[in-house]
Amino acid sequence: MTRAPHKPTDPPPAETALVLRLEEISAAMLPTVGGKAANLGELTRAGLPVPPGFCLTTEAYRQVAASVPGPELATVLDALDAAPTPAELAQLAARARKALLGVPVPAVIRDGVAAAYQALGPEVPVAVRSSATAEDLPSASFAGQQDTYLNVVGPAEVSDAVQRCWASLWTERAVSYRAANGVDHRAVRLAVVVQRMVDAEVAGVMFTANPVTGRRGETVIDANPGLGEAVVSGAVNPDRFVVDGERGDIRERRLGDKRLTIRALAGGGTQTRRSSGDADRACLTDRQLRELTTLGQRVQRHYGAPQDTEWALGADGTLWLTQARPITTLYPLPDEPADGIRVYFCASLAQGLVGPITPMGLAAFRAMSSGFSIRTGGPVTDPLAGSELMVTAGARLFLDVTGALASPAGGRLLPRVLDVMEARSAVVLRSLATERTGSWWPFLRRMLPVLVRYRIPPRVVFGALCPAAARRRLDRFGQQLRTRLARRQGLTPEQRLDVARELLNSSFLPIAATVGPVALGSAFGMFGLASALLGKDAGPGELAGVLRGLPHNVTTEMDLQLWALAGRLGAHSEARRALTDIPAAELSRRYRTGELPRALRSGVAEFLGRWGHRAVAEIDLGLPRWSEDPRHIFGVLANYLRVTDPAAAPDAQFRNGAAAAEETIQRLVTRAGGLRGVLVGFALRRARELAGLRELPKYHFIEVLASVRRELTEVAEALVAAGRIDAVDDLFFLTLAEAGQALHGSDPRTLIAGRREQYQDERHRRRVPRVLLSDGTEPEALAKVAVDENGLVGTAASTGTVTGIARVVLDPVGAHLEPGEILVAPSTDPGWTPLFLTAGALVMEMGGANSHGAVVAREYGIPAVVGVADATTRITTGDRVTVHGASGLITLHPADG
């Protein structure tokens with residue numbers, strides 16, 4: 001249908017309009033009016049109390065930016081694309097600001113501002129506020145990154161303030177913030193909101209959920225006399241109130257000093273005044289607090305999510321909203337609604353995966369949980385939906401441990417297991433465990449059939465008595481598993497999807513029950529026996545030294561093979577030049593096209609032939625394996641070539657660790673003496689022979705996932721050929737059920753696009769709760785972080801003391817780690833361990849004494865401290881730190897220390 005032409009009296013379309021009244025603006029117009037104006041327009045249209053005003057659209061900014069003479073802005077943008085240093089970034093931002101402030105505002109824009117301003121009233125005071133298209137977004141608030149001008153009076157003054165707002169798009173803080181959040185500088189535009197000023201008696205901010213603890217249902221209000229800028233800018237300690245959002249009960253009242261107030265001046269501008277005598281009196285009454293809370297609940301209901309609002313209380317007692325935006329720091333609630341308060345433990349984080357999991361990766365875990373639950377007598381309604389104890393939140397995997405914490409068995413066993421896997425989670429769960437009464441019989445009744453069926457007790461005993469024979473049995477099990485996983489020929493896509501489902505459903509428990517008793521039960525049973533025999537004769541952290549340089553560890557074997565490959569390639573001049581001069585992404589491309597030097601290509605091909613099914617974040621089958629994308633391997637090889645000290649070579653370090661472990665055993669045996677010493681030696685040597693197998697259950701599990709991914713890739717190729725998805729990778733943004741629907745004709749493109757966007761948003765999330773309650777509360781936020789006056793405290797994981805330069809690494813792919821640098825990471829999985837070979841020490845936010853990173857650090861003989869709260873934010877790359885592996889202390893040294 002042809003659109004009728006606009007009549008002369010019609011308003012211009014929104015995308016080309018220069019000025020729009022707030023009531024003409026909706027949330028869908030963000031590209032035209034920016035986040036702040038879109039939210040204010042949405043609030044106005046919803047009938048909420050918003051001061052009247054108008055918006056100068058991004059089209060006005062575009063016209064002004066286009067009038068900048070010469071290629072100045074284009075040159076700045078090109079330079080920003082090249083990832084400048086902080087000093088260069090500041091210079092580039094200043095150039096852009098100067099260019100925008102130096103051009104005259106076109107008359108059509110100046111006249112439009114004047115007319116809209118006059119419509120608000122004669123010489124009315126207004127607030128002029130920036131509204132960027134990358135602002136007040138669900139994934140990043142960008143709050144305070146652009147400028148605001150208060151109590152502006154007169155059309156000329158308003159026009160000048162508007163131009164200064166445009167220039168504030170290029171403040172150093174705004175440019176840095178965009179760079180840190182991955183926002184394209186070229187794509188950002190700025191609108192400007194002009195609103196009638198509220199001459200506030202009291203003003204501040206209000207969160208409709210608690211931004212510190214995450215608890216929904218709590219409204220948090222900060223208030224101060226005068227204009228809200230004093231609160232928003234952090235210039236004052238305001239009064240703080242916590243109010244029950246539903247009942248209006250005031251749960252917490254903390255009075256601030258209120259030493260500063262900002263007041264509007266007659267004729268324009270503001271004045272900051274020092275005040276006294278109000279510190280002991282709240283600036284809001286209980287009635288006003290309840291009215292504010294009710295207003296906040298209206299805003300939250302409109303948006304369907306908790307909001308961060310700014311508000312002002314006029315001299316006549318009228319409440320006004322001057323802003324609302326999502327609370328971007330809140331962790332999402334679980335997808336599955338809960339009755340009552342439930343306790344969720346983040347299982348993916350405990351496995352070293354901080355980032356989100358793809359939808360297909362989550363679907364795989366659901367299918368596996370169904371198989372496990374069915375085989376252990378648990379209820380399962382839908383095999384693809386998974387166990388009822390499995391929930392997802394923020395694209396991460398959580399387990400509902402409410403029932404476990406309330407039972408006598410789970411309340412004791414779960415924290416005890418986590419003591420050595422994820423110590424900080426164990427502390428939190430112990431604090432949440434209810435009074436445990438009742439019998440252990442329900443737990444035993446469910447587990448006894450599994451123990452009998454898989455002969456777990458005999459396997460534990462056999463492994464402890466005959467470790468070599470037990471390892472041979474495990475080798476045969478691995479060979480049988482690989483035979484079962486071998487590529488199948490001649491299957492239809494539907495049959496391949498069935499194979500993937502069956503492998504996920506049936507593989508997990510046999511692996512855990514066959515390998516786990518030896519890898520964990522026998523090994524750590526022997527270690528525990530030695531610990532009990534020694535008692536106080538073993539000093540703090542001394543026994544951990546026995547676990548250095550462990551043999552029979554599949555991940556260590558992989559890392560040392562990669563180190564050996566680096567050694568061979570380092571002697572080949574052409575291969576060495578390629579690794580040191582060409583970026584890893586380009587090397588990966590040339591590997592696939594056969595353009596690499598022969599020695600480099602054949603060496604990497606040989607390594608991937610054995611280990612190519614592994615990956616960083618490998619428990620997510622939605623992510624490519626190294627055989628599909630070997631960028632990480634090329635990056636690690638380049639890092640290894642920087643190691644020039646023979647004594648620092650990983651294989652030498654490993655041998656030294658094994659020798660030191662034997663010396664520790666001899667010392668402990670001598671100290672124990674007699675028969676007790678003989679038993680200690682027997683137990684510790686058995687522990688060393690078996691503890692390296694700890695990585696084996698997960699290794700076999702990853703082999704299963706790689707096989708499932710191979711089957712699903714062929715399903716995806718069939719869907720691409722049928723025109724139902726656009727790329728093979730699209731399939732991994734569906735679930736197993738949705739993949740089946742696509743094979744039968746559904747078109748999932750819209751669903752895939754939405755899932756990709758959500759996934760990318762979650763990749764930017766830095767903080768993931770270890771434990772989450774169903775009302776959004778993060779229990780760990782309620783506890784104080786253990787901090788030494790000179791640094792941080794965590795869990796001691798690997799002995800030794802090292803001082804060095806910190807390197808904070810959030811993603812190991814492409815990470816640059818100089819030999820001897822201290823690796824600071826949120827968490828690790830086997831995909832990270834090649835970096836351990838050149839690290840001087842390890843610091844992790846996650847983990848316990850027996851978590852993956854801790855075990856590998858001990859084996860490689862590097863000091864490690866794990867479970868360090870906020871390590872990746874409190875330590876900065878380049879900081880000089882000392883890691884005390886035995887005490888769990890990290891000392892931060894001053895810059896000149």
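Here we talk through a helix pair and then a sheet.

Mentor: This is a predicted model, where local features need pLDDT of at least 70, side-chain atom pairs count only at pLDDT 80 or more, and totals for chains, interfaces and linings use all residues. Residues are numbered from 1 along each chain as its sequence is written, and side-chain values use heavy atoms, with hydrogens and water left out.

Trainee: How are two packed helices described?
Mentor: By the angle between their axes and the distance between the axes. Here helix α13 (residues 408-421) and helix α14 (residues 423-432) pack at about 155°, axes 6 Å apart. Axes are lines fitted to C-alpha atoms, for helices over the stretch in contact, and angles run from 0 to 180 degrees between N-to-C directions. Helices (H or I, at least four residues) and strands (E, at least two) are DSSP runs, numbered from the N terminus. So α13 is roughly antiparallel to α14 (angles over 145 degrees count that way).

Trainee: Which residues of α13 and α14 make the contact?
Mentor: Contact means heavy atoms within 4.5 Å. Leu414, Pro415, Arg416, Leu418, Asp419 and Met421 of α13 meet Ala423, Ser425, Ala426, Leu429 and Arg430 of α14.

Trainee: And the sheet: how do strands pair?
Mentor: Through backbone hydrogen bonds, either parallel or antiparallel. This open sheet has five strands in the order β1-β2-β5-β3-β4, with antiparallel pairing; two strands pair if DSSP finds at least two bridges between them. At the edges, β1 (19-21) and β4 (148-152) each pair on one side only. β1 pairs with β2 (residues 53-56) over three bridges, and Val19 has Leu56 as its bridge partner in β2.

Technical notes. Parallel < 35°, antiparallel > 145°, perpendicular 65-115°, else oblique.
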